Amino acid sequence: MEIRPELTLQEKLHILADAAKYDVACTSSGADRRGREGYLGNSVAAGICHSFAADGRCISLLKILLTNHCIYDCKYCLNRASNDTLRTAFTPREVCELTVEFYKRNYIEGLFLSSGVWKNPAYTMERICETLYLLRSEYRFNGYIHVKAIPGAPDELLAAAGYLADRMSVNLELPTGESLRKLAPNKTHKAILRPMRMVSDTIAEHRLAIGKSAQMERSGSTRRLGGGIFSEAGRQIEERAARSRPDDVGLLREGQTPARGVFSGESRPDDGFPRTGILKKTWTEGHESSDSARRGLRSQDGGRESFVLPAELRRRDLQRPFVPAGQSTQMIIGATPETDYHLLKTTQHLYQTYDLKRVFFSAYVPLNEDSALPALGTPPPLLREHRLYQADWLLRFYGFHADELLSEERPDFNELLDPKCDWALRHLELFPVEINTADYGMILRVPGIGPKSALRIIQSRRHGKLDFPHLKKMGVVLKRAHYFITCSGRMMYATPIEERYIARQLIGTNEKENWQIRHRNEGVFRQMSLFEDFQMNFYG
Amino acid sequence: MTVFTCEDTFEAMMTCVYDAWASRLGHDNLRLQLEPVWQQGLFCDYVHVDADFAKAAKVVRAIQRKISYEAYRQVFLATMSFEPDRLDAVYRFLVLGFASGRKLTQMLSRPEVVWIFELSRKANTEANYFREFTRFSQVGSVYVAHIEPKCNVTAISAAHFADRMPSEYWMLIDDNRRLAAVHPKNQAFYMTRLTQEELEQLRRTEEEEDLYTDLWREFFESIAIEARRNSQCQRSNMPIWYRKHATEFR
């Protein structure tokens with residue numbers, strides 16, 4: 001399929017936004033940066049959503065592909081080489097114009113640039129870098145940029161992109177090697193994890209060089225907890241477990257590749273100030289192998305000279321922090337037979353080993369007819385995706401470990417109850433919790449209490465006894481919490497601490513939400529079924 | 001009972017707090033109320049207070065020094081909310097605050113503190129929403145946006161946009177309060193009241209359409225996944241009343 005230059009900008013936007021929409025990450029969070037005179041844009045750590053599309057997902061960034069040309073043939077993808085779709089590409093200038101004009105009108109918070117693999121990974125990554133460089137230099141754009149790292153591209157290009165962008169991501173796509181081989185024959189985990197390792201090491205080294213800790217900052221609740229997956233103790237627990245069970249599910253193996261950050265090893269500057277000179281040396285002399293790869297590349301695409309190498313970045317670009325908003329990844333769920341346990345273990349492993357900022361889950365939407373995939377028209381597993389995100393939050397903000405939520409014997413989430421309620425019901429021996437004396441970590445584990453309300457509780461109880469009306473004002477969801485807490489020794493209602501009773505009550509509370517998530521795409525009315533809709537086979 | 005009244009600006013409200021405090025009538029014998037006062041109480045004296053910048057500054061400084069910056073932030077946001085009794089709520093909050101000091105904002109078991117906490121949270125949430133859902137349209141070299149917030153969040157949102165677009169000419173207009181934040185290129189923004197005629201003239205800027213408004217609508221349509229359509233989720237994330245001035249819903 002040839003490039004069709006006669007397409008208008010609007011048609012191109014239609015094609016390339018449509019092709020990019022299955023990528024779920026659309027957050028503008030993690031980087032805090034003030035605006036500067038003469039430049040356009042700032043960045044707010046909490047992230048800003050600018051609109052919500054008809055599917056209820058937020059629109060924060062201009063999410064587009066640079067091109068939907070692709071040499072790969074991943075079975076699940078709309079843009080696979082064997083699909084007969086209209087192929088097109090943005091010029092770097094078109095992307096810049098769109099970003100800047102949308103940004104000024106407050107439509108978006110920045111750019112999310114991804115791409116199909118055009119000719120080869122190096123060529124694609126080079127086009128991406130060229131676009132970002134133009135946007136940062138000529139268009140003086142200071143807003144948020146999320147860029148996809150293309151596995152297989154030379155390290156220099158990944159590093160250049162890292163200095164220009166706020167967040168980078170490499171999609172893991174599927175949690176196991178077999179699934180990946182089956183559905184994405186051109187990709188391997190080794191090739192995907194190598195750039196991920198390289199980026200995370202370079203982030204850590206950059207952070208050390210500017211006097212921060214090597215690990216990314218985590219939320220306040222995680223720091224206050226001490227035992228979560230990001231803490232030193234949490235990591236050690238996992239390491240011990242991994243050693244005792246070497247064939248543990250969910251753990252990705254990188255193979256023997258000694259993948260390193262750009263600054264690591266001998267080329268690490270002693271003074272701790274990686275600046276232009278050192279980087280120049282590192283990138284142009286230190287990496288002969290990839291240098292020769294690049295020479296090969298030049299001969300392939302006819303010796304283009306508009307190449308943006310880190311050595312050619314201006315001083316100001318190199319003073320930018322390297323990927324300040326961290327790295328993320330995403331996994332497709334529902335296309336392959338992995339269990340929730342497997343997915344959650346993989347997620348935790350990615351957080352601990354690669355220090356990722358986020359792991360996203362994408363409920364598989366059937367787009368292609370293929371014997372290896374669910375049939376067209378299969379509804380996407382939205383409730384499962386929802387449960388995984390709930391569990392992801394429990395890992396990142398609530399101090400839970402994957403093994404507490406699921407196990408080999410119970411590998412999937414309870415459809416009727418959210419993971420936190422489910423955990424609480426299996427640990428009724430720990431409840432009820434006395435709000436006026438319990439520690440932060442335990443209060444945080446009560447269903448219906450989040451990090452903010454838990455903090456408010458421990459701050460305000462110093463100045464006076466708390467009671468249920470106070471908790472309600474602080475934002476505690478009492479309809480879930482009241483089974484598990486006491487205030488000054490009294491429960492809110494006379495409820496038994498009994499698993500079957502509480503489960504029945506909570507399922508009643510959850511039922512409406514679950515039904516809405518599961519059926520939100522269906523027509524308005526349908527025949528009611530007593531046994532299916534009301535889950536007559538109650539929990540336990 | 002003596003009732004101190006003032007108009008609905010931050011300076012006037014702070015001056016009112018100052019005068020009420022300085023009257024030495026006793027906190028239980030006075031009330032603060034915003035103008036206009038529709039129905040006067042039978043056994044009340046009404047004292048009108050005019051804004052006085054020096055007195056307001058004293059109150060602000062006292063809150064920041066003797067209580068905390070966080071308490072000042074909450075007071076400011078609470079005065080921007082649309083609760084009719086907000087001025088009296090602020091006064092009760094401060095009476096407790098000057099007695100208890102730095103720990104005030106953590107004392108969530110006290111109703112005075114919870115009341116201001118809720119008002120400030122409401123105003124802050126709305127300010128964040130307007131940071132997100134405000135849409136500018138280009139008129140020549142100026143970008144103009146219209147909003148109709150319930151809380152008076154124009155100044156708070158404008159501070160965000162001043163950081164975001166320091167080198168553009170732009171204007172953020174609250175259509176209901178006829179209040180505008182005007183930002184000249186590379187300068188600080190200022191607030192101004194608009195007359196009815198000015199507002200009518202500026203209202204027309206919203207109909208301005210160009211290539212990028214069309215492209216944005218195209219993008220907005222293309223980015224939604226049909227198999228996941230969920231208008232209920234969309235509505236709860238972006239309630240309908242926020243959409244009035246949003247380009248993609250017009």
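Which residues does B:S167 touch, not counting those up to four places away in sequence? I started there, keeping in mind that this is a predicted model.

**Entry 1: B:S167.** I found B:S167 in the loop between α6 and β6 (169-174) of chain B. Leaving out residues up to four places away in sequence, B:S167 touches A:E37, A:G38 and A:Y39, along with B:K185 and B:N186. I then looked up its polar partners. A polar atom of the B:S167 side chain lies 2.6 Å from the backbone nitrogen of A:G38. The B:S167 side chain also makes a polar contact with the side chain of B:N186, at 2.6 Å. Buried or exposed, I wondered about B:S167? B:S167 counts as buried, because its relative accessibility is 12% and the cut-off for buried is under 20%.

**Entry 2: the interface.** Next I went to the whole contact, which takes 64 residues from chain A and 52 residues from chain B. The area buried between the two chains is about 5400 Å², with 55% of that given by carbon and sulfur atoms. On the chain B side, B:R164, B:Y212 and B:R228 supply 16% of the area buried against chain A, more than any other three residues.

**Entry 3: pairs across the interface.** I noted 6 salt bridges between chain B and chain A. One of them joins B:R164 to A:E109, with the closest N and O atoms 2.6 Å apart.

**Entry 4: the chain B side.** The largest share, 10 residues, comes from α8(B). By class, I logged 22 nonpolar, 15 polar and 15 charged residues on this side.

Conventions. Residues numbered from 1 in each chain as written. Chains lettered and ligands numbered in written order. Predicted model: local features only at pLDDT ≥ 70, side-chain atom pairs only at ≥ 80, totals over all residues. Heavy atoms only, no water. Contact = heavy atoms within 4.5 Å. Buried area = accessible area lost by both parts, 1.4 Å probe. Salt bridge = Lys/Arg side-chain N within 4 Å of Asp/Glu carboxyl O. Helix = DSSP H or I, 4+ residues; strand = E, 2+ residues; numbered from the N terminus. Nonpolar A, V, L, I, M, F, W, Y, C, P; charged D, E, K, R; others polar. Buried < 20%, exposed > 50% of the residue type's maximum accessible area, 1.4 Å probe, protein only. Polar contact = N/O pair within 3.5 Å; in protein donor to acceptor, adjacent residues only side chain to side chain.
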